[in-house]
Structures are given as structure tokens and as C-alpha cells.
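Me: Can you walk me through this structure? I'd like to go one piece at a time.

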Amino acid sequence: MIRIGPAGNSSLFYEEGNKSSIEIPKFLHGKGLNAYEYQCGRGVRVREDFCKQLKEESEKYDIRLSLHAPYFINLASEDKEKLTKSIGHMEKSLVAAQAMGAKVIVVHPGAVKKGEPRGQSLARAKDFLYEALDKTKEFENISIGLETMGKVNQLGSLDEVLELCEVSKRLVPVIDFGHLHARDKGLLTSKEEFRKVLELIGSKLGAEKLRSLHAHFSPIEYTQGGEKKHRTFDEKEYGPRFEDLAPLIMEYNMSPVIISESADKQTEDAMLMMDIYTKVKGEMK
Ligand SMILES: [Zn+2]
């Protein structure tokens, strides 16, 4: 089984007369979708009763929830005060995730310090994770997802994310395929390139973490430094293409959650991915 849905609410949601995110599960169900990533990138500001209602609606319409944690988190900071704040953001995200029944929070690993070998920033991020996991033990039923990032100066290459995930079972990779494509300047142009990514995840983290993978997918524009702008499937000049990944999801017997982050077309592009997957599944049976 696959789960596909949007990151946040695109224009379509409001154009169709919806107002509050409480209405999103019903809206997505009507579009044939079954996942949703709630956005807290600019801070966790949700009331408990809102979370409770969202949980009820999501259960009613069978929508799998995840929560994107604040962008200010930096696991590799050298500043003690900032690290304390990062733990605070993670805790708040976990509290909200638990209240809404989200299975995973998505975290950006942070920045590589200028002029420093990447390995040193990575080592600080690992130290931070040991501490953060210890302080958030009560939420061990919610996975902490570490996202692969699109800019070269950000911590979060595929290798770095997989290495960080080895710290604990509670850590899972969030593979943003658009970001991987941008970071390596157009890497993901064929099924075989996607296969290499899946093989690496499986060999480093095991079959179960590959099977239940949480991923982001959107076409992307990039420059020398990596990610420039998220695009849409309409804009055919931008990769990667979901057609290259869909057959592998079947071949590897995966049950992933795939979140569309296409620029204001998250819902439409999630629907396109669901169509592509359904077609491939029909052909491979
Ligand atoms: Zn993200």
C-alpha cells in the first residue's frame, strides 16, 4: 500500500471553498489521497483542541499525518543556547504530533559551518541527537525524520542523513528526492539512479526502514549551490520524474508515504503521483 498527499494546503483547497485545515482530511479523501504533512516550519502554534479535531477527521477519512518541524532547528550549532532552543522546537513538534496522531516529525539537520570539514558539523549533530533523544524519551512512539537537503552548504546529503539515522531506531530518513536531485545537479534522471538510492537506504538502515520510507517528491530547479526553487509536474523541463520511482516502489515491495512539495500544486501533483502509481501497479500485476 502507498500513501500520497500534499505538504500543507495549496490554493486548490481554498478555491474549493475550504477555510480551516480541519477540513483537509475530507478534502484529500475526495481527491483519492491518503496522507498529509502539517506545516509548522515557522513555529509550532497549534491549539490542543485543533490537534484533537484534526486527529478525529484524519482517522475518519484514513489520512496518514506527519508534521514538519520548524526550520530554525540546527542540530550542528555550536551555540549552547541555540541547541536548547532546537530541543524546545523538537519537543513542541512532538507534543503536537502526538495530539494529532502524526507518526513522524520532519526535521532539517541544519547548516555546515563555513570553513569547517563537513565531518565536524556532522559529529556535533550526532552529539546533539543523543541528547535530544534522551530528553524526548516519552515520545518514542513518534519517529524523528531527518530530511535530505537541497543546498550543498546544508547538512543533509544522503550519506549524512543515513549516518545520522544510525544513532537510534527512533530516527528515520526523510528522503526528499527533489533535494537529492538538486544537490547533485540533476542526479536522478533514470530508474537506475533511484535504485541506487533505495539500495543504499536498505543496506545501511535495513529492509523495514526502506519499506516504510517517508519521502518528499517534487520537480526542482537548481544552480551550482543546489536547490533554487520547487517546481511542478506541469513544468516538464524540471526533474526528477515520479515515473522513474513508481515501478521500484512495487519491485521493492515498499509501503512508503510520499509527500508532494510542488510549488502551490501539492495537491494536484500528489494526485498525479497517485495516478502514475496506480497505472504502474496495474501493469506490473
Ligand atoms: Zn523540509
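Me: How many residues does helix 3 have, and how far does it reach?
Reply: Helix 3 (residues 48-60) has 13 residues and reaches 18 Å from its first C-alpha to its last, close to the 18 Å expected at 1.5 Å a residue, where the expected span is 1.5 Å times one less than the number of residues. Helices are DSSP runs of H or I with at least four residues, and strands are E runs of at least two, numbered from the N terminus. This is a predicted model, in which local features need pLDDT of at least 70, side-chain atom pairs count only at pLDDT 80 or more, and totals for chains, interfaces and linings use all residues. Residues are numbered from 1 along each chain as its sequence is written, and side-chain values use heavy atoms, with hydrogens and water left out.

Me: Which residues of helix 3 are buried?
Reply: They are Phe50, Cys51, Leu54, Glu57 and Ser58, buried meaning under 20% relative accessible area, exposed over 50% and partly exposed in between (1.4 Å probe, protein chains only).

Me: Switching to the metal, what coordinates the zinc ion?
Reply: His68 (NE2), His108 (NE2) and Glu147 (OE) do, at 2.1 to 2.2 Å; donors are N, O and S atoms within 2.8 Å of the metal (3.2 Å for Na, K and Ca), and because water is not among the atoms, sites may look incomplete. His68 lies in strand 3 (residues 64-68) and Glu147 in strand 6 (residues 143-147), so the pair ties together parts that are 79 residues apart in sequence.
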